[in-house]
Amino acid sequence: MINDIEADNLNTPDDNPPPVDVDFSHVHPHLDPNPAPSKSRHITIEEVEDEDGTPFSYTGRYFEPQADAGWALHEGETKFERYRRHQEEEVEDRWSPFEDAEEWDLAKWLVKNLGQTRTDEFLKLPITQNCTKLSFHNNRSFLQRVDALPRGPGWSCRKVTVRGNKEDEFGAPLEEEVELWSRDPVECVQELIGNPFFKADMAYSPAKAYADRAGQHRVIDEMWTADWWGETQKALPKGATIAPIILSSDKTCLSQFRGDKSAWPVYMSIGNIAKAKRHQASARATILIGYLPASKLDCFTPDARSLAGYKLFHHCMALLLQPLIAAGQHGVEMVCADSLVRHVHPILAAYVADFPEQCLISCCKENRCPKCLVGANERGDSLDSLMRDPESTKEILEMRKNGQHPPEFEENGLRAVYKPFWADLPHANIFLAFTPDLLHQLHKGVFKDHLVKWCIDIAVPNYPGLRHFKKGISTVKQWTGREHKEMQRVFIGLLTGAVPSRVLVVARSILDFSYYAQLQIHTTKTLEALQTTLDVFHANKDILKELAIREHFNIPKLHQLTHYVQSIMLLGTADGFNTELPERLHIDFTKEAYRATNKRDYEEQMTLWLQRQEAVFLRAAYLDWLAQHPLLPAGFDSDSDSESEEMEAASPNTTSSLVTSKEVTHILAKAPAHPHQSVEKIVMAHGTTGFLPALQTFLQKNLPQTTVGDAPKRWHVRARPEVVASGRRSGCPGRFDMALISDTPRSSGLRTLDDVRVAQVRVIFTLPRQFSTYSRALAYIEWFTPFRLPDPSSRLLQVSCSTRHLRRNAAVIHIDEIMGQSVDTMLRSGNAYEVASDFYFNEFIDGEMFGMSVINSL
């Protein structure tokens, strides 16, 4: 008999606190009751009429904002602002508790790069003691200063006693005590949503975005443009702010060569933060909130151990996320990154996990889909199955717990976990929360585990920017996401002509699906194309059975592709939830933390090490922020009128200047507060939606030869002759890259393949001095024919060598006429262009080329 898992020393009340009444009508007198978010692109940009009656929109989008969301209650102080006020009141130096900037830089370096033993050794070196005047002289005094820095939410440990079904020699059931290390998730939400570092990347309310003014074509990228946020907002009080919780968890190994130590970290972020910022591991927009027990549960017999692991996971996750229940129902007042207080409801919206973890979370067997009720043997078919429902699932589990045997328990492939951690989370649907997993489902799953097997013995070509598998792909021992993506770039070209046309259609459909799924911005058309590619695969997949390549298509990861369109519509584009980020965070939050311990009772040491790392990171972010919001000088009274009086005395008044006709001068600061800003950042941070066209108009009027825009796209094009082997130095074949050449002058960058041709660059040169001062770089190229109609099976564009008078059609052009890289389909390294005469144009070379050649044709 498996006893229920018991928790000791837990102080978690069963009853939720009463609702908190919030009156949104009492707002700060100087604030709009429905203020615009701090970032201009969020919800606040609508189509308006220009002075001449011409409609315009920001970045080609039209927004339908949801006006009853994200209201501000009153002004507040962020964590940085409170600490700055504390330093002003205590007359502290900005570097406190360190002496100066140099000591702070050294402290930051020590914390990030040396352990405690090495730090102590460094501080006790004679050269350190004799040549530096540090305020700390050993590791103990150094850590005392580090521990005095402000830090994030604290850690706590809960002991959980697990009673197994094994017995000891006295007949008593064996027990095992495990530890759950956790932080308050509500405090972590406050830390994220109130961090001024994310002010320019924060949204507080949802809106629907459209590509056309009629509102017929949706545009979806960030979570606030998708459906989940807007639908959930309707269930909350008017003016409430949602903090969409994004969770991820993944068990990972800690020791590489010996031992079996492992950890089970749980990470959290919020959908208010832009996905580009969440993807930056260095930005710490995704934080660690807990370590789940990773015990082997030896107190259970092997046949009961798996279910016991399920129950332990859900019990610990329920303890970890318990504060979200009341906060999600009633909301919590939080100071946001823009220094305004909002009533925030943290609600679980998305869960990033691989397939086994999804099954664990949804309480279903691994031979079933964790999102829908498709049959165990029907996952290879294109079926529109019912989605799993949280309420009915809880009812079935409750009936099973009470001794009943509902047929739905087996039909739905459930496990006997009677209290899932998500059962009481408000407004949460755990089955819809599972996001597409590009890494494991597409790159490692459908592509590497299945399609790659068709081209194991085919040589992989070499082209600019593509990795060359010199020994073939069958010898690659460890595949990573990078290897998968590199192979996808040439996969269709490899199969063309080597497999039957219907097999090529199947492969092309999956590659198209992969590239569409990775788009950072989706529209109604791209989502329709994403679904169409999957339909094409199912319509042609039987050819693989006929060729005895596959016996069935009941593949779990293949079935998951059927849910991609729905997930993107609900939560935003798939690139915002990739499992590559949690695997990258394992290095910072788990593996490096473990290396800093003595390997005994390591979880407690890991949390302490992480606290200190976080404290140093927060102080560094505070100092960066303080550079833009400096401390007031000592003795300065912010309420005093002396400064304004001095300014008035120093400045001539209006009447005086008019009478005496004094010349007005403008003095700029010696150092700009925000130097080296890109056009995009200026538009986002300053709300200057018309900055670029206005600046272009000014430059055309005052500096007609000058242009301005975002950073240019750099193309690496090589024209390198063969290097002959000499002595011990190995030779190198020649590299003469392909490029796209514009037939007509262009005023903007390459967006489509109209009016461009493929050419091979043979020489890049400049003219010598005897040709006057002509300094523009030139290139000798050999043309290919204009693009012909796509191949009917692979749908790749076709070109051939262009000739004139029985010779290659050649020309000398300016290198700025080269618009981008083209395909390089070498049959053998260095000789493909000479041997072959007809070529396919590879639109899978990168996402940008795929967009120009495929998406623009929709």
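A: The model is predicted. Start with the helices. H18 spans residues 524–540, and H21 spans residues 564–571. Their axes lie 10 Å apart, and the packing angle is about 160°. An angle over 145 degrees counts as roughly antiparallel, so H18 is roughly antiparallel to H21. H18 brings Leu-527, Leu-530 and Gln-531 to the contact. H21 answers with Tyr-564, Val-565, Ile-568 and Met-569. By class, the residues of this contact are six nonpolar and one polar, with no charged residue.

Now the strands. E6 covers residues 156–167, and E7 covers residues 173–182. The two run antiparallel and are joined by nine bridges. Within this pairing, Thr-161 sits opposite Glu-177 of E7. E6 and E7 make a hairpin, with five residues between them. In the turn, Gly-171 has a positive phi of about 85°.

E7 also pairs with E13, residues 287–292. This pairing is antiparallel too, over two bridges. Here Trp-181 faces Tyr-291 of E13 across the strands.

Last, the cysteines. The disulfide count is zero. Cys-157 has 32% relative accessibility, so Cys-157 counts as partly exposed. Cys-336 has a relative accessible area of 0%, which means that Cys-336 is buried.

Note on methods. Residues numbered from 1 in each chain as written. Predicted model: local features only at pLDDT ≥ 70, side-chain atom pairs only at ≥ 80, totals over all residues. Heavy atoms only, no water. Pairing = 2+ DSSP bridges. Helix = DSSP H or I, 4+ residues; strand = E, 2+ residues; numbered from the N terminus. Axes fitted to C-alpha atoms, helices over the stretch in contact; angles between N-to-C directions. Parallel < 35°, antiparallel > 145°, perpendicular 65-115°, else oblique. Contact = heavy atoms within 4.5 Å. Nonpolar A, V, L, I, M, F, W, Y, C, P; charged D, E, K, R; others polar. Disulfide = S-S within 2.5 Å. Buried < 20%, exposed > 50% of the residue type's maximum accessible area, 1.4 Å probe, protein only.
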